[in-house]
Amino acid sequence: MYNTHAHTRVMPNMGSYKIMDQDSIMLHGDEEIIEVIELSDAEPGPDDLADDLEDVDFEDGGDGEDNEGWETEDEMEAEEVEQDDSELTFSKHTGSVFCVGLDPATNAMAVTGGEDDKAYVWRISDGEVLFECTGHKDSVTCVCFSFDSALVASGDMSGVIKVWQVDTKEEVWSFEVSDLEWLEWHPCAPVLLAGTDDGNMWMWKVPGGECKTFPSPACHGNGKILPDGKRAVVGYEDGSVRVWDLKKGNSLHVIKGRDGHKGAVTCLASNKDGSLVVTGSVDGSAKLINTATGKMVSVFSADGLRGTGSTSQEETNSVESVGFCNILPLVGVAYLDGTLVIFDLATQTVRNRCRHEAGIVHMQWEESSALVSTCGLDGALRQWDGRSGNLVSEYRGHAAEVLAFALNR
């Protein structure tokens, strides 16, 4: 399922490794040449073009109602979305859709938030709205279900956070912070974490409301609770990364300076046991960090070399998304220039490069396979085999860039 401007689409077979049938396999080595077209070496000149236009009847405009041969803007847009691979389209939003989540317990519900200051919880099977998360003051940029799908949280850019009981469809808790950067549930408890632009990380018990703050001198980028549920890792605008002890409220490690990034941290992810974290930055590098020691293990650079810095060219090629494969020692790093680089974790070298037609917005590995999905600015969702780097499938249906997607478990 993926989101873009005003639409959310549910794509088929997203959770399955067997996506393509035998008839859809593309041949690469033994293609047959059907026809050879001979091209003239000479470019057409102005006189040739003028001769071609002599037969065009510009006077036959009629009353303006006959537009045959000319495409209106609506017709061109319709052509752009002619290929629609979705099984269902959710069109309740009236502006861009910024975020999406699937309920982990049943995979039967979705929550979406958008530019229209609204969030909806709806049924995936038929798109029916179960309830609307009302009361937001700005674009809803964060939505997520709790680990057991009993609660759903929504947060907007202004800092309004609301939590709803799914079965009763009632709001059970709300809070207001400064500008919201990220929002995430604890992996096994009704505890909600959030990061704000003033550098604070917040943690609440829901719906009781008990609160703890984790201040820092730097502005927030994004954060993630580690799988053990006892620690969180947060990346900041100044390029530093902190590992926090959630119970004691103190930072266990601060990665900065030479070991930190030279620009804002844009994304981060942990491996399955939380022992390693990979972070991405606008400086064009991705860094591997040991969460137990707080030491930087390696730098994944765009050219595949292990280094401690980045070139000026890489600084313009921001890392937009990162992630670990759960079943193989592979790390994916997605760049703004449209390149997905698969690194071998053991050797820290480039294994594959997956080229896209436009910049990548987000990437995510499947839970139990070597398939990795990406969405981008060209409006397509793609699935790649991380082992070979081959494109497995491509899904289209949007006329604008895809801003977010979620995979079922």
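Visitor: Is Trp 202 buried or exposed?
Guide: Trp 202 is buried, with a relative accessible area of 16%; buried means under 20%, exposed over 50% and partly exposed in between (1.4 Å probe, protein chains only).

Visitor: What kind of model is this?
Guide: The model is predicted, so local features need pLDDT of at least 70 and side-chain atom pairs pLDDT 80 or more, whereas totals for chains, interfaces and linings use all residues. Residues are numbered from 1 along each chain as its sequence is written, and side-chain values use heavy atoms, without hydrogens or water.

Visitor: How many helices and strands does the protein chain have?
Guide: The protein chain has three helices and 32 strands. These are DSSP runs numbered from the N terminus: helices are H or I with at least four residues, strands E with at least two.

Visitor: And how much of the chain is buried?
Guide: Of the 409 residues in the protein chain, 50% are buried.

Visitor: Back to rings. How many aromatic pairs are there?
Guide: The whole structure contains 10 aromatic pairs. Rings of Phe, Tyr and Trp (its six-membered ring) pair with centres within 6.5 Å; planes under 30 degrees apart are stacked, over 60 edge-to-face, the rest tilted. One of the pairs is Phe 131 with Trp 164, whose ring centres are 6.2 Å apart and whose planes meet at 40°, so this pair is tilted.

Visitor: Where do Phe 131 and Trp 164 lie?
Guide: Phe 131 belongs to strand E7 (residues 129–133) and Trp 164 to strand E10 (residues 160–165), so the pair ties together parts 33 residues apart in sequence. Both Phe 131 and Trp 164 are buried.

Visitor: Why is the pair of Phe 175 and Trp 202 called tilted?
Guide: The ring centres of Phe 175 and Trp 202 are 5.5 Å apart and the planes stand at 55°, so the pair is tilted. Phe 175 is in strand E11 (residues 170–176) and Trp 202 in strand E14 (residues 201–205), so parts 27 residues apart in sequence are tied together. Phe 175 is partly exposed, at 29% relative accessible area. Ring pairs also link Trp 173, Phe 175, Trp 202 and Trp 204 into a cluster.

Visitor: New topic: in what order do the strands of the open sheet come?
Guide: The four strands of this open sheet follow the order E28-E29-E30-E31, with antiparallel pairing; two strands pair if DSSP finds at least two bridges between them. Strands E28 (360–365) and E31 (391–395) are at the edges, each with a single partner strand, so one side of each lacks a neighbour in the sheet.

Visitor: How many bridges join E29 to E30?
Guide: Five bridges join strand E29 (residues 371–376) to strand E30 (residues 381–385), and the two run antiparallel. Cys 375 has Leu 381 in E30 as its bridge partner.

Visitor: What about the loops? Which residues does Ser 139 contact?
Guide: Ser 139 sits in the loop between E7 and strand E8 (140–145) and is buried, at 8% relative accessibility. Leaving aside neighbours within four places in sequence, Ser 139 contacts residues including Phe 98, Gly 114, Asp 117 and Met 157, where contact means heavy atoms within 4.5 Å.

Visitor: Is Lys 256 buried or exposed?
Guide: Lys 256 is exposed, at 56% relative accessibility, in the loop between strand E19 (251–255) and strand E20 (265–270). The C-alpha atoms of Lys 256 and Gly 239 are 6.8 Å apart, and these residues are 17 apart along the chain.
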